[in-house]
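Thanks for coming. I will take a few minutes to walk through one structure, and I will start with a single residue before going wider.

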Amino acid sequence: MIEVSKFTNQDQDYLKIKLRKLDPEIVNIIMSIDGWGKAQEPMCYGLPYSALGEFFQKTKDYMVVWKSHADSMGTLARGIDTRDIPTEFIVDYEPKLPLREHQIVTFNLMLQRDFLLISDQEGVGKTPPILCQHDAKIQNGIAKWGLYVTKAGLIYDVKNQAEKFTHLNVVTIEGSAKQRIKKYELLERDDSVGLVVVSYETFRTDIQHFTSINKAKPFDIMYIDECHKIKNVNSSLGKLIHRIGPKQRYAITASPVINEIIDMYNMLYWMGAIQYNYFRFRNKFCELDGWGNVARYKNLWEIKTILQSNMLRRLKTDVLKDLPPVVSKPIYVEMTSPQRKLYKAIEKGDYEGIDFEDMFFEDVPSELAKHARLAQVAESAEIVGGDSGKKGSGKLVELENLLEEITDRGEKAIVFTRSKRMTHVMVDYFSQYNPSYITGDVDTQAKGNQDVSERQMMVDKFQEDDSCKVIICTESASREGWTGTKANNVIFTSKPWSPSYISQCIGRAWRFGQTGGATGSINVYSLISRGTIDERIEKLLEEKQFVIDSTVEQPLGTQKILSVLDGASA
């Protein structure tokens, strides 16, 4: 993979070309272009920005990810040129709340296309125009109704956005099996329903109900949100999405980094952007090694052309010119004496009497377990059964001062921690701020007679209740699926080990609707315990070789992480 970004030096623009692995063919291509140069950074080269067109043509069959300073994810292709798409509605339609010009462009593009990959950067405001164009199609007789499949935690965000911007009658599918059956019976007889919103899990479980409803009243439009979920063509979900065959199909994701071209097949086939089967796709674009694994790619120009023609991809900095800047503010903290004592014990491998919290990794490799335990203690001794409150956590002391400063200037804050235990500690400790909270225990689906889920109630409280000054979040359960624009301060008391997860967390506040508060900025505070694993995690997140080279669902490799956490790259 090749990463290309733009940089300016002495008022001159250049292309920075970073190779993920040394490839003599790529090096020869770079050296064939006038003005090339070798950067001091390993496997890194420079070209005059004026050579962009020549470089683009000569690398059309290579994995090139285009990045900018505001987009660590990047994309394989630059997407549809939207300059000629009108910024006024092309049909008679008036949303409840006005859309911005770039959102009207999305609206108009979707009216013109029966299928589309919508990959605007997180926070651009994708959902309102998607829902508005759906409403407009119903009002203008283009469609009768549609199906929106998304993550469980996003169901109520879609419903709330629909109520805010459109006149749609939206039905969410959740609850017990008995409750869901009643809703399916309603859908079969109620022609006023314009959109059905369901989680992936429920769609998979109740597929027979959806195919039955679709047979009686075919869905005209289908949306697959967070569409990287369907990349595995052999998974049950990857197969079941093909059971509904609407004319109009829209795949939605804010994370279009392509690590494996083969992972794109199911999405492109479902959309209708390609018509051939998986094996023809693999043979067309992949060369396999002796074990049947992808050794390299070929004919990539065709994939890029498909994306260029069928993907809408814009950054926040492209379309939200008034978004406040993100300002990083690391804060170094001294551990308390109980913390230091526990930390030294773990460094020596003495775990006796220490109650470690379950760690939020999938199948934590044993090599990383010690580092994860050290990170827990660096945050708070209380997490592992040690001293409580400020006695057990230097970070709690600093956070107390920080929240006082933030609330004194009339602002709100979002606090992220990796620890569910620490979430509850902070909720109790900072009760004077009437905190909301999100953990994996906060239900993402409504219960009984609830109109919205407990999680959405927490978000609504934070966004709408002036007395709620802070929302405290377990990172793994809260980095996506909600809007926290009432805060312009994001605080990490501990961090995930992936830059993309950090970006997702910050994206809760840095998005459409953000004003920047009294400071006019998004202030990102990182509480870092001195002389601990925290400093090496910061190093890990800063190292350019660890910037995301995979989808959000694929964390960084264990050996790469260890090389930094063990101090090999220090």
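Is Y49 buried, partly exposed or exposed? Y49 is partly exposed, because its relative accessible area is 33%. Before I go on, please keep in mind that this is a predicted model.

Let me stay with Y49. The residue is found in the loop between β4, residues 44–48, and α2, residues 52–58. Leaving aside residues up to four places away in sequence, Y49 touches K6, D13, Y14 and L15. Along the chain, K6 and Y49 are 43 residues apart, while their C-alpha atoms are separated by 7.6 Å. The charged end of K6 sits over the ring of Y49, 4.6 Å from the ring centre. A second case of this kind is K495, whose charged end sits over the ring of F492, 5.6 Å from its centre.

Now the chain as a whole. The protein chain has 570 residues, and buried residues make up 56% of them. There are 22 helices and 21 strands in the chain. If we take the contacts with a separation of 6 or more, 73% of them are between residues 24 or more positions apart.

Next, the aromatic rings. How many aromatic pairs does the structure hold? The count is 17. One of these pairs is Y265 with Y269. The ring centres are 5.5 Å apart and the planes are at 15°, so Y265 and Y269 are stacked; the cut-off for stacking is an angle under 30 degrees. Both residues lie in helix α10, residues 265–271, and they are four residues apart, about one turn of the helix. Their accessibility can be given one by one. Y265 has a relative accessible area of 5%, so Y265 is buried. Y269 has a relative accessible area of 35%, so Y269 is partly exposed.

On to charged side chains. In general, side chains of opposite charge can pair when their charged atoms come close. The count of salt bridges here comes to 20, and I will go through three of them.

First on my list is R83 with D81, where the closest N and O atoms are 2.6 Å apart. R83 is exposed, at a relative accessible area of 71%, and D81 is partly exposed, at 45%.

Then there is K183 with E174, with the closest N and O atoms 2.6 Å apart.

The last pair on my list is E400 with K390, whose closest N and O atoms are 3.2 Å apart. This pair links distant parts of the chain, ten residues apart: E400 lies in helix α16, residues 394–408, and K390 lies in the loop between α15, residues 366–379, and α16. E400 is partly exposed at 23% relative accessible area, and K390 counts as partly exposed at 36% relative accessibility. Elsewhere, salt bridges with shared partners join K16, K18 and E41 into one network.

Now a helix pair. Helix α4, residues 127–139, packs with helix α5, residues 155–165, at an angle of about 65°, and the axes are 9 Å apart. The crossing of α4 past α5 is right-handed. Which residues meet between these helices? From α4 they are T127, P128, L131 and C132, and from α5 they are V158, Q161, A162 and F165.

I will finish with two backbone details. M43 is not a glycine, yet it has a positive phi of about 50°. M43 is found in the loop between β3, residues 37–38, and β4, and M43 counts as partly exposed at 28% relative accessibility. E226, also not a glycine, has a positive phi of about 50°. The place of E226 is in the loop between β11, residues 221–225, and α9, residues 236–240. E226 counts as buried, because its relative accessibility is 13% and the cut-off for buried is under 20%.

That is the end of the walk-through.

Terms used:
Residues numbered from 1 in each chain as written. Predicted model: local features only at pLDDT ≥ 70, side-chain atom pairs only at ≥ 80, totals over all residues. Heavy atoms only, no water. Phe/Tyr/Trp six-rings, centres within 6.5 Å; stacked < 30°, edge-to-face > 60°. Buried < 20%, exposed > 50% of the residue type's maximum accessible area, 1.4 Å probe, protein only. Lys NZ or Arg CZ within 6 Å of the ring centre and 35° of its normal. Salt bridge = Lys/Arg side-chain N within 4 Å of Asp/Glu carboxyl O. Axes fitted to C-alpha atoms, helices over the stretch in contact; angles between N-to-C directions. Left-handed = near helix turned anticlockwise from the far one by under 90°. Contact = heavy atoms within 4.5 Å.
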